[in-house]
Amino acid sequence: MILIFIFKPALMADFAEAKEYYEQVTKTYWQRYRELQELERAMAKARTEMETACKHDWVRDWEDRDERSRWICRHCNKSR
Ligand SMILES: [Zn+2]
């Protein structure tokens with residue numbers, strides 16, 4: 001889904017070329033950063049939708065090292 005197409009000049013000695021490359025990398029970074037933020041929101045929404053659709057089956061969470069007893073759904077991994 002996410003591809004990076006950055007042309008890296010072979011000769012970085014030329015300042016104009018190096019500057020253009022730097023600006024290209026910076027621009028790509030911020031584009032990907034925004035895409036990741038959007039993906040993070042989409043992921044949280046998808047998880048909520050999955051948990052809402054799930055007919056939970058609660059089992060004891062033995063992985064938990066906490067003192068409190070915890071339960072986890074064996075289908076969607078939601079805890080309570
Ligand atoms: Zn569940």
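Predicted model: local features only at pLDDT ≥ 70, side-chain atom pairs only at ≥ 80, totals over all residues.
Residues are numbered from 1 along each chain as its sequence is written.

**Overall make-up**

- The protein chain has 1 helix and 2 strands, in the order α-β-β from the N terminus.
- Helices (H or I, at least four residues) and strands (E, at least two) are DSSP runs, numbered from the N terminus.
- Of the 80 residues in the protein chain, 0% are buried.
- A residue is buried if 20 or more other C-beta atoms lie within 10 Å of its own, exposed if 12 or fewer, and partly exposed in between, with C-beta atoms placed from the backbone.
- Among contacts in the protein chain with a separation of 6 or more, 15% are between residues 24 or more positions apart.
- Two residues are in contact if their C-beta atoms, placed from the backbone, lie within 7 Å.

**Helix H1**

- Helix H1 has 39 residues and reaches 56 Å from its first C-alpha to its last, close to the 57 Å expected at 1.5 Å a residue.
- The expected span of a helix is 1.5 Å times one less than its number of residues.
- The number of buried residues among the 39 of H1 is 0, so the helix lies largely in the open.

**Glutamate 51**

- Glutamate 51 belongs to helix H1 (residues 15-53).
- Glutamate 51 has 14 other C-beta atoms within 10 Å, so it counts as partly exposed.
- Leaving out residues up to four places away in sequence, glutamate 51 touches Cys76 and Lys78.
- Glutamate 51 and cysteine 76 are 25 residues apart along the chain, and their C-alpha atoms are separated by 6.3 Å.

**Cysteine 76**

- Cysteine 76 is in the segment after E2.
- Cysteine 76 is partly exposed because 16 other C-beta atoms lie within 10 Å.
- Leaving out residues up to four places away in sequence, cysteine 76 touches Met50, Glu51 and Cys54.
- From C-alpha to C-alpha, cysteine 76 and cysteine 54 are 6.9 Å apart in space, and they are 22 residues apart in sequence.

**Asparagine 77**

- Asparagine 77 has 12 C-beta neighbours inside 10 Å, so it counts as exposed.
- The phi of asparagine 77 is near 70 degrees, a positive value in a residue other than glycine.
- Most residues other than glycine have a negative phi.
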